[in-house]
Structure formats: C-alpha cells, structure tokens
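Trainee: I would like to learn how to read helix packing and pockets in a model. Could we work through one case?

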Amino acid sequence: IFSMPFLLARCLRPCAARHPSFPSWSVGAVCALGFAAAGWHYCSRGMTTVAHRTASAAPSSQGDLSMATLETLRFDNSALRDLPLDPNPENYVRTVRDSVFSRVKPTPLENPQLIAASLPALALLDLGEDQARRPEFVQYMAGNAVLPGAEPAAHCYCGHQFGLFSGQLGDGATMYLGEVINRRGERWEVQFKGAGKTPYSRSADGRKVLRSSLREFLCSEANHFLGIPTTRAGSVVTSDSRVIRDIFYDGHPIAERCTVIVRIAPTFLRFGSFEIFKHKDPRTGRAGPSPGNFGLQKKLLDFMIRQYYPEFVAGVPEEQFPTRYPAVFREIVQRTARLVAAWQAFGFCHGVLNTDNMSVLGLTIDYGPFGFMEGFDPGFICNGSDPTGRYSYQAQPSICRWNLQKLAEALTPTVSVEQTLAIIEEDYERTFQEEYQRRMRAKLGLVTSSNISAKDDMALVQDLLKVMEATGADWTLTFRRLRAVAEGL
C-alpha cells in the first residue's frame, strides 16, 4: 500500500500534463499520502479480503465483544426522526419543498469489488478487520444490500456557486445512510457517494467513477493524518457497471467503472443547508425550495445545535436556545478560520469553495478538483473550471469569509444578521492569523520566546515565501529539506 499513492501520482501526472483541467496531484500530495498510508488497506481486483495490515491499523473485532458486526451497527437516525421528510416516496428529479431529506434507494452495482478500505475510519463505526474481510461487506458498501438499521435518504440544500445563488442543489450523487453511535458514545453519519440517482440529481446519473473515488479516499484520509479537519473515507468499491465520462472534456468520452465511496463524518450539514429558505435572488432570479419557512429554519438550527454543539446548550431549555445562537455562530466562524489556516499551511487547495461545500463543523468536505501545490505559487488554481481564480490558493481565506457572510444572511431572521456579521468581523481574521502563525511557526521549528514576537517570526515566514515564489521552490520539499539541514547541525 505504501507504493499505491506513488503509482497513482505517476499515473495521474501525465493526464494533468495533457489537459490543464485534470485534477492536480503534486509532490505535496504524495508526501501527505505517505503519512496516511499506515492503516490503509488495498485489495487488488477480484480479491475479497483486506490485505497488508499495518501496526497502526484498527484492531480486529475477533474476540472483542465491544466491537460491532455489519448487522449490529447501532443506528440512531436522528436527522430523519427530528426533521421533516419529503412526503413523496418516488425517486425523480423535482423541487422538494418544506423538507430536509427525501427517502431514496441505492442503485445496485454489477459485480462489486473492494478496492480499498481504511480500518482506522471503519473503527469509528466499531467495525474491525474481520468485518471488512466478509463478502457481505462489499455488498453493503456497494449499496447492493442495505445495512440493518440504515435508512437511505438524500439531503436537500442550496448553494452559492462561483458567487451566484443556484437555487436547489441537494445530494445529487450522495446518500445519507444513517447515524451510528459507537461504543464511545460518538455519533457518526455514514454516507454513500456514487450510489445512484436521487431527486436532486438534476441531469446527472448519480454515479462516481474509480479515479475520482480513489482521489477522495486517499486525500480525506491523508488530510486526517496530517491534522487537517476533514470527513473520513471508509471504503472504495468499484464494479463492472459502466458510465460514460469525457475525462478531458475534449469530445472523446469513455466508459468508466461505477464506484461507490463510503464517507464518514459527525454530520454532512453545510452552509447551503440553511439556504433552502432563501427568497428569490435579485441577480439569478432563483429561490430556495422552502422560501420564508422560518419555522423550519429554526427547527433545523436547533437540531444542529442540539446534536453537534451540545456543550453550548447543556442545561438550557429548548425555548432558550436563541440566547445561544450567537455563541454557536462564533464557534462556526472560528472553526472555519482554523480550517482555512490549516489548508494554507499545507499548500492544500480545495478548488470548489461554494457555500454548499462548506461544513457547519469546520471540516473539509466534498473533495472534487482539489490539489496540493508543487512549486509555491500563491495564485495556484487546481480547478480547470475556475479561469478567474475565484477559488485559488491565495483566495481561500477571503472566500471562506464571504461564505460565512452568506451563512449569516441565510440564518436571518432567526438570528440577527447584524449580530452575526459583527461576529465575523470580530473573530474571523484574528482566528485565521493566530492559527496560521501557529502552524507556520511549527513548520519552521520556531520556538515561542519572550524575546521574539510572533510578528517577527511571521516576517521571517513572509521572506521565505517570497524567495520560494521567486525561485519556484517546491512547497513540501522546501520544509522537508529545511528539516534535513536542521538535523545535520
């Protein structure tokens, strides 16, 4: 498995050279993947067992009665219990009004085959290696069978895409399976990506292919082990089912393997979840599917706080939750700022920072055309569909602040927009700078001292970045080689 990221990088690099819109892989990404490799497990095509177990992988559940089996996962699907469901059970593209989820069914795959599994990620669900080795694991993780207790559904949300409000978007290629409570009492939402059509698929087929699924699997686990807040990836299952994709957008489509990735996070709620209540946008003429339904807006906000920010309302009656809204919003602002600081410190570029791709928990979500920088270039763009550089590396801090402003607007009138905008002004830039300084000082091994201020240290960092930009120095290797120099002193 340690060679797998390098093989992928070698395979993908020629593709990037052929077409600038091909998602970028870099030396930085390969180095990151090396950190994450411990605990990853790879299955060659046709194998049914997980191979190459490493020392840091999760323990086997054999003989451990506290671990779960695929059939005994402790599902507690609070989102479907506490939030309104689309009353229409049919699976066709439509506007879904006054609902947060629609029930769906995964579309089965032909001859599903396990490609990769992350035992540390699966351990979050109390699943051990013995469960990943079972032939039923592939069937469940492909969507060919439904895990006992799972209730597949698709989430309704909206979004500002490239600065413009797009109206209803929703889970067009992803599916909520449910929420698993593990033996430590942690709640983890399990999600399919690529399991077929939903009411939000629009003109798409709801499928993902092997190359994009492997990218997300590798990078989400890499980012986790690098210390970047992120969703996790449990498994990748490919198949003999095919979809047509034009990889290079050059008029030469090919048939690619349909693939399903299992994603894991406390929740996949996003900024765009609260934009379904938006009235008609003056620029695009589009509205959310539930415009003005502020009763549902408050219900969704209270649910988010109760489930994912319980420390803010401990001992507080629900009717008094509004007094805690500003504090929760401040926490979202600070988590978002710290997340972007981590991206900047690792040279990571998300590529599609629309409001529907921003987590309410400050996690990296929805891996698409992401990239890690090679030569240091503040204007680095990893998305070939972003010719203006709206989502370039250097633009990420300001774009995420803009997205927070859109979240503030989306929470109106349940939360005062004047108050939330003031919180962004007070906390975002300060939190970002503090976290960025902390991470960059750590990368350079700068020790905090009463004789040297953070301002002086950051002046040194800026001088280094100027030299790196002027010389085209590799982002990751520069810091690795500085470490080698330090070790030789």
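Predicted model: local features only at pLDDT ≥ 70, side-chain atom pairs only at ≥ 80, totals over all residues.

Trainee: At what angle do helix α11 and helix α12 pack?

Mentor: Helix α11 covers residues 417-443 and helix α12 covers residues 454-471. Their axes are 10 Å apart and meet at an angle of about 70°. Angles of 65 to 115 degrees count as roughly perpendicular, and α11 and α12 are therefore roughly perpendicular to each other.

Trainee: Is the crossing of α11 and α12 left-handed or right-handed?

Mentor: The crossing of these two helices is left-handed. On the α11 side, the contact is made by Tyr436, Gln437, Met440 and Arg441. Helix α12 brings Ala454, Asp457, Met458, Val461 and Leu465. Sorted by class, this contact has six nonpolar, one polar and two charged residues.

Trainee: Which elements give two or more residues to the lining of the largest pocket?

Mentor: Those elements are β9 (208-209), α7 (210-226) and β12 (254-265). Helix α7 gives the largest share of the lining, five residues.

Trainee: What does the lining of the largest pocket have by class?

Mentor: The lining has 16 nonpolar, 16 polar and 15 charged residues.

Key
Residues numbered from 1 in each chain as written. Heavy atoms only, no water. Axes fitted to C-alpha atoms, helices over the stretch in contact; angles between N-to-C directions. Helix = DSSP H or I, 4+ residues; strand = E, 2+ residues; numbered from the N terminus. Parallel < 35°, antiparallel > 145°, perpendicular 65-115°, else oblique. Left-handed = near helix turned anticlockwise from the far one by under 90°. Contact = heavy atoms within 4.5 Å. Nonpolar A, V, L, I, M, F, W, Y, C, P; charged D, E, K, R; others polar.
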